[in-house]
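Please find below a short note for a colleague who is new to this structure. The points are numbered and may be read beside the sequence and the model.

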Amino acid sequence: MSATEIDVKYVAHLARLALTPKEEQKLGAQLGHILGYIEKLKELDVTNVEPTAHAVPLVNVTRPDELRASLPHDEAMCNAPAQSNGLFIVPRIVE
């Protein structure tokens with residue numbers, strides 16, 4: 001897509017932006033530069049490059065799931081600011 005095919009008013013409308021004519025002109029030029037750079041990137045030979053989601057490999061550092069005993073009820077309730085019948089009392093958020 002070339003810069004001349006971009007309907008800046010339509011894109012601004014989709015993004016819920018109210019642009020002045022000067023801003024539309026500036027945005028159109030910026031989008032044209034971005035698309036020109038993308039066209040330049042298309043010239044690169046990437047046949048031997050593996051697709052990636054991140055520039056550096058990431059490893060999940062979470063611990064494995066293990067079955068363990070849970071916190072005893074009395075210990076869980078000891079710091080509750082309000083409780084009744086063994087349950088936490090919390091402020092009502094839905095009326």
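**Note on the predicted model**

1. Of the 95 residues in the protein, 9% are buried (buried means under 20% relative accessible area, exposed over 50%, and partly exposed in between, with a 1.4 Å probe and protein chains only). The model is a predicted one, in which local features need pLDDT of at least 70 and side-chain atom pairs count only at pLDDT 80 or more, while totals for chains, interfaces and linings use all residues. Residues are numbered from 1 along each chain as its sequence is written, and side-chain values use heavy atoms, with hydrogens and water left out.

2. The secondary structure consists of three helices and two strands, in the order α-α-α-β-β from the N terminus. Helices (H or I, at least four residues) and strands (E, at least two) are DSSP runs, numbered from the N terminus.

3. The radius of gyration of the protein is 28 Å, whereas a compact globule of 95 residues would have a value near 12 Å. The radius is taken over C-alpha atoms, and the globule rule is 2.2 Å times the number of residues to the power 0.38. Along the principal axes, the C-alpha trace spans about 70 × 45 × 15 Å.

4. The accessible surface comes to about 9500 Å², and carbon and sulfur atoms account for 59% of this area. Accessible areas come from the Shrake-Rupley method with a 1.4 Å probe; for residues, only the protein chains shown count as cover.

5. Which residues form a salt bridge? Glu 39 pairs with Lys 42 in this way, and their closest N and O atoms are 3.3 Å apart. A salt bridge is a side-chain nitrogen of Lys or Arg within 4 Å of a carboxyl oxygen of Asp or Glu, and by this rule the count comes to one. Glu 39 counts as partly exposed because its relative accessibility is 37%; Lys 42, with a relative accessible area of 58%, is exposed.

6. Two residues deserve a look for their backbone angles. Most residues other than glycine have a negative phi. Arg 16, however, has a positive phi near 60°; Arg 16 lies in the loop between helix 1 (8-14) and helix 2 (21-41) and counts as exposed because its relative accessibility is 68%. Asn 85, also not a glycine, has a positive phi of about 55°. The place of Asn 85 is the loop between strand 1 (83-84) and strand 2 (87-88), and at 76% relative accessibility Asn 85 is exposed.
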